[in-house]
Each structure stands twice: as structure tokens, then as C-alpha cells.
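I opened this model to take notes on its overall build first and on a few local spots after that. The entries follow in the order in which I looked things up.

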Amino acid sequence: MRYGETGFDLEIDLSRGGIDRVASDPELTRLFLGGLGTNAKILWDRVPPETEPFSEDNLLIFGTGLLCGTPAPGCNRTVVSTISPQTRLMAYSMMGGFWAPELKYAGFDRVIIRGRSPELVYLWIHNDKVEIRDASHLRGLGAIESAERLRKELKEPNAQVASIGMAGENRVFYASIEQGRSSASRGGIGAVMGDKGLKAIVVRGTRDLNVARPAEFLDLCDGVLKYIKHREENPIQGVPPILAGLGSPQEMRIVDEQWHTTSFMWGNSRTRRKDFWTHEIEEKWRETQENVRTRLISCYNCPMKCGATISVPGLPTYMMKCYSKLTYTMAAFSDLDFGFRIAQRATEYGVDGFSAPQVMAFALELLEAGILTDEDFPGMPPDVEGRFFWLLDRIVRREGIGDALADGTYWAARRIGKGAEAYDHNTIKKHEQLPLKLGMLNPVYYLMYSTGEKINITQIEGQFPQEPFATREAREEFVKDWIQVPDDKFKKYYVDWEPRGEMSNPYYPTVEASCDIVDWMEKMHYVDDALGMCAGLSSFPLKPPYHIHNYPDFISAATGMDFDKDALWQSATRTRTLIRAFNVRRGMRRSDDRPPDDHWKKRFPDLEAQLLDGYYKLKGFNRDGIPTLESLHALGLDDVAEDLEQRGIYRHGQS
Amino acid sequence: MAKARKIVKSVTIVADKCNGCRACEVICSAFHAAPRYSSNNPARSRIRIVREPLRDIYLPVYAGEYTQSECTGRDKYIIDGKEYSECDFCRASCPSRDLFKEPDSGLPLKCDMCEDTPPLAKPKCVEWCLNDALIYEEREEEVDVEEVRLGDVEIGIESLIDKYGLQQVLDTVARRVKP
Ligand code: SF4
Ligand code: SF4
Ligand code: SF4
């Protein structure tokens, strides 16, 4: 018997209509745990580097984390992996909600989809019974609308549905997969689902999921709940409210948006409005938010409430989380009411809330600059809110100018030409980023932006404070109960860090310290993504309940495989290295490891090169950013080493 | 009827505070697994959340008595503008629905307030609901002496007898008992 996981994969071939239940190899669990780790291994083994994102050979994998469906609080992530049509590298996207545990209860750890269906279909998984069914009646319907229709048709109110909207069907490069309370939005995975002709996956599971050492496992869970209570009663002092507690950023609860609206950029990541937040705005936005927010809601088995049900009068109800309430608002220089209205339509269409608003702001900038003209926007209303709705409607249908814009800012700029490339100034590896433009280079963030292969800062950062507290005393106080650090040196790094002077950015944290800090932060994210844990209870917030010291016990008690801190660290390193190798095999190199040119005003090329060198060295990569043969062998990735060598990826004498 | 002092256990369900997380379902099913906590399966839970986010319906309901036949009427309630079926509030393991039945055998489930020796300070679902949607109280009351309390197996057998008749159940049991 397998513990913690079910031990079965569901293999679906949409070209042939094949459905297979396949036992998985427990050795894979020991090496890669599950979730992102195992997804990456499967992609490495089965998707050669020539594979086009939109092709029958590309796989679309819905992987549950190793601990999803166990009683571990907040462990509910589905990691969706494929090749991104936008970056053409491995797409990283993930969703909370209720889908992953349901799949586990149905008896599967992951669904691996290949091929392409000629007709639009959906997949219905009801324990052992799996069917590919006609979805032609759902064509063009919204993602949430479709999910409701399917639950009704199947008479399964408790089924969980992951579905795409029109954006996915029309292969918009930033189409999302929606799941009611949550969505997997980054990297255009919804477009791959649409390309495969798959409208939705509906799951209902009513089977037991076992853990190996029950009493021990329950004690660990109880400890986490107790700590969550403690942290809720004792928010971190001296940081903005958004960083004080646990969970994803508490955007649905909090009305005070001073931090986001005055530090992040408006428009096409262009304008900072330092004086934006006033008392009148706060009152108005409070009224807006409280009027539309029906209830704060959680994901599966989690006491936090990071999402909300939103009912804007006159519009269908939808659910929202995190930062998307502001992305449209700020890209359009509009207000919160507009943000809630357009997010409703965007959710039904199924588009990424980071990329879509930026693409639209980019299009309007091109119009203003005369690179695009009124003829490109026939019938577009004059007001900016109307323009955003108009653009969104065209993008998801790939109509007129919407067709180029549906490829995202990077590719659209190149299709449009005439200097449009200069307006694509906020992408990394062709992928739209949070709208931030800052002054002084921060070495830790430099490394995370440059090297992070999830290409999304929120999925790499966390744990280590973004800024030092003003006084040494305050910093010493902060580190007192900092039990989450893997090593005491991190406390010293933090205590020594000053807001100004010699011991401040960009030269402090030093190159070595910066590399260590990034290594810790990203490693914890890799662990979370393998276990299916919400980053909001682990790698993202300050002082989280899950950390490197209690995770090995969780994994051991759940699976019965003995894991210690070193084994866990090594597993995360293995996955991180494998993803790098996968992307290297698809052509990624050191020159791609860079933030947007204007992310910081003050740049330090020599220091940046040292940082990158230091990071590569720590990670076991060579100076081109390629994992060395030695490090691949040390991680047991011998087949990867051999493959890279055979393909001539190492330049002469440079393995 | 004879009177006796008795601890009455009750849970106040503050549905307004429920965030729909289903932690109560997870821990209830884990607590009742054998061996304890060795597995979990919300479909076996003795508390269930009637959850329809788009209509803002969040209703924790505890499993009560098994019933042999479904109600004839199906009334509707409208509370705060939201429509509920009367079944949404009903605790019964009833032939009209899957709720409160073992998913494999179909045998009825009933909340036993996590009876345990030694007794727990509070039921597991209450302990795991950090949102205070489930509030536990104990009070002493004078009550009529109760009829014999049925265990899980007895409740199951009773439902089988209701469904198939005593003779068929006896015959089946006899067949199963190897000589
Ligand atoms: S912390 Fe928030 S986002 Fe994370 S699982 Fe809980 S409710 Fe979901
Ligand atoms: S644990 Fe509490 S908040 Fe969560 S579903 Fe159950 S009753 Fe609702
Ligand atoms: S009181 Fe115990 S048996 Fe009853 S629903 Fe709660 S956890 Fe289950």
C-alpha cells in the first residue's frame, strides 16, 4: 500500500481517446516527492526539446502535491506543468482551491494529458470511472459558467471543476485555467489546454487516503494549527499590514492599499503615484469593497480566508483572491469599482490577471505613441474603462488587433514592430511581471528576478524580510523567535543589514549572503510545490508554520519513507536543477537571466555579474548557467548529464 | 419514565462564520478511521458542508438518525434572499440522497460527538474549526432515561433490516459465518 499518495497516474491520450490507470514508481516519490518535482521529471523524460507548445506531443500535467488530501492544513495545490506558448520554456503555474484533494480521493496523484482532440471535450473522473465526453455545448462559455453547467448536468454538486474560458479555447498566450475559488494563470497553460481541445476536467472522489504513521502525523497537524492561531493573534510588528500575517496577501480583507497604490506602477508599469492614497480614496474604496464582497473564503482544509465571493450588482457572482483587484484598476488608471467589474469578465474568459491588464495598457500606449493608430481600434469607446473592456473582448476572440495582443507584450511588440519593442519593458523571459520600478538595486531581488525559472517573483520570494528594520535592536528582536531559518547565519545576515550606509543595498547583503538567502527562499518554494503546500503558510510570509525543520517529519509520517532535512533539501535541489536542465535544453542561457532593464534606476554591472557567478556556483551551474556534469551526477541525474553532453550543450572544456 | 442527570452536548453552528474550508470533514473522517487517523475521506464525514459559493450558501450539517423513507414534501426556505431546500438542513441519512452514507457500502453514518475513552475536551470538528463556526457546549440536564444507545454496527444492521427484511439479513449473516 502507498501512503500519502495514491500510487496511480491517470494517462489520457486525447488523439486516440485513450484512458489508462498506471501505477507509479515509488522511487520517483523518493527522488522528486510529487507535484512540481514529479511533473518536471515526466516532462524531462517524455517531452523532447524540439516539441512545440501547441502540438500533440506536448504534455499537460495536472499534478497534486505529495501531501494533498492528507489532513495537513493548507495542503491543496495543483501544479500544472507544460511547455509555455509564451516563454517556450517549462511553464510554472499552480492553483489552490479544492481540486487536488478531490483527485487524490478519486484515487489519482496526477492526470497526464497528451494528444489533441478534434472536437471540444471534457474529462469526467469519478473514482475509477473515467470518461472523455463531448463539450461542444460549452464552446465559448465562461470558465465559471461552464463549471456550474457541468455540475448540474452530472448532478454532482460536490464535483470540482478546472475549466478554461474563451481565452483558452482561442489559445491566448496568457489564458488561465479557472477553478472557482482559484486559478492557475501563469505561462499560458490555459492555451495549451485549449489547443488540446479540452474544456474542463471534472473530478469527484470518495475514497480513503492513507497516512503511514497516523498519531504522529496528527500531532504535527495540531502543532501547525496551534502555531497559525498564535501567528494570527501576534501579527509581525513594523511591516505594512499586507506583510504582517499569514496566508496569501490578504487583499480581500484589507482595504488599506496605500502600499500597493503608491509603490507599484500604474499604466503599462509606467507611473508611480506617491500621493495617490488619500482619506477620500480610502473611504470610497472601502465602500466599493464592502459592497461587493459577500464573504471571505478559504481553500481546502485551511483556516485562512484569502479569497472572497464578489457580487457586483448587475453582474454574475465570481470569486477572487489576491492582487487581481488592483491589476486592472492600476493598469487603466481607474478605480476599484472598475477593477471588480472587469475582473468578473476576465475570470469568465479565463485570462491571467497580471499579464492581461499590462497587455491592454501596452496597447493604449502604442496608440498614444502613434505606433498603432485609430484604424487598429475600430469602434473603441473613448473612456479608458470602456477601452479596457473593448480590448479584452477582442483579445480573447483574437479579433483584429486582439490577435497580436493575445500573444502577450513581447510577441505582440515584435509582430507590430515600428519601435513597439521599446514598450515591452516589463517582461522577463517574455513573461509579464509585477509592475514595479525602483531606485537602488537590491542584490537579493536581482538574483531572484534574473534566475527564477518560475518567472514570477511571488513564487520565489518570501521568508527573508524585504527590507531591514530601522534599528539594530528591532532587528535583534525580530530574529529572537525566528525558528524557521535553516541555519543561524541567516539571523546574522539580517541583523547586520542596515537601511543606509555601508551595510546596505547594493553591497549588503554580500554576494555570498545574497546567494544563500535566495537559495533558502527558492528552495522552500520548491519544497512547497512538491508537497502541494500553499506558499501562504510556508515559503511566502514571514515566520510561517511550515519550515525546513518540521517538513521532514510531515513527509516521513505521511509516507513512511524516512526523510531528514538533508534529503529534503537535496530533493528540492534536484528538481530545481532538472528544471534548469530542461530549459537549457530548450535554449535558455545566462543572457536570459536578467531583470527588465529599467527595473532599477541604479544598476551595478560588475556587482551583478558577481552575483550571477556566485549564484551559479552555489547551484552547481557553470558560467553559462548550465548545470555541470558533476552536479548532475551528484544528484543522481546521470541521464540528464548524458543527454546534455550528447547534445553538445557544453562548450569545449566547459562541463 | 425514569429521570436521570445527563450531560447534554451541543454545538452551535454559526454558519455566517463558515469559510467553507471543510477541515471539519477532514478531521471527522480521520478520527473515525480504523486505526484512528490512519486515513481520511470527507465522503465519510459525519459533518458535511452544504457549500455553494456562487449563491453564498455555507451550511455545516451534522449527521443524525437514519431514516427509512424520504419525506413526501420538499419545502423551500428563503433566508436573507437565499433559497434553501429543507433537505439542506436535514440531518438524516435518507434514501433520497448520498449524504451521510458510507461511500462503499451505503451504510448510514451518524455523528457520535466523537465519543472516546477518555472523553475528548471537545469534538474534533470543533477543535479544527479555527473560524469559530462551530461552538461546543456541555450542560447538565435532567432527562428521561434513554433507550439503549446503538453503536455503529447496530445502526447499520437496522438499516439493512429496514431495507431487506430481517430474514434476508439473517440468512446472509448465516451464510457468511463459516462453519
Ligand atoms: S492560506 Fe489562503 S491561499 Fe493558502 S490555502 Fe489557505 S486560504 Fe488558500
Ligand atoms: S471547519 Fe469550520 S469554517 Fe471550515 S467548513 Fe467546517 S464549519 Fe466551516
Ligand atoms: S462531533 Fe465528532 S463525530 Fe460528530 S461530526 Fe464532529 S467530528 Fe464528526
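Predicted model: local features only at pLDDT ≥ 70, side-chain atom pairs only at ≥ 80, totals over all residues.

Entry 1, domains. I looked up the separation between domain 2 of chain A and domain 4 of chain A and found their C-alpha centres 42 Å apart. The division of chain A reads domain 1 (8-204), domain 2 (240-428), domain 3 (438-547 + 589-616) and domain 4 (620-655); the bounds come from an automatic or database domain assignment.

Residues are numbered from 1 along each chain as its sequence is written, chains are lettered from A and ligands numbered from 1 in the order in which they are written, and side-chain values use heavy atoms, with hydrogens and water left out.

I recorded 25 helices and 22 strands in chain A, where helices (H or I, at least four residues) and strands (E, at least two) are DSSP runs numbered from the N terminus. The C-alpha trace of chain A spans about 65 × 60 × 60 Å along its principal axes.

Of the 655 residues in chain A, 67% are buried (under 20% relative accessible area, 1.4 Å probe, protein chains only). I also checked contacts (heavy atoms within 4.5 Å): among those in chain A between residues at least 6 apart in sequence, 69% join residues at least 24 apart.

How many of the eight residues of helix 3 of chain A are buried? Eight of the eight are, so helix 3 (residues 99-106) is largely enclosed by the rest of the structure. The buried residues include A:Trp99, A:Pro101, A:Glu102 and A:Lys104. After helix 3 of chain A comes A:Gly107, with a positive phi near 105°.

I located A:Tyr508 in the loop between helix 19 (489-496) and helix 20 (511-531) of chain A. A:Tyr508 counts as buried, at 6% relative accessibility. Leaving out residues up to four places away in sequence, A:Tyr508 touches A:Pro443, A:Lys492, A:Tyr493, A:Asp496, A:Trp497, A:Glu502 and A:Met503. From A:Tyr508 to A:Arg586 I noted 78 residues in sequence and 34 Å in space, C-alpha to C-alpha.

Terms used. Buried < 20%, exposed > 50% of the residue type's maximum accessible area, 1.4 Å probe, protein only.
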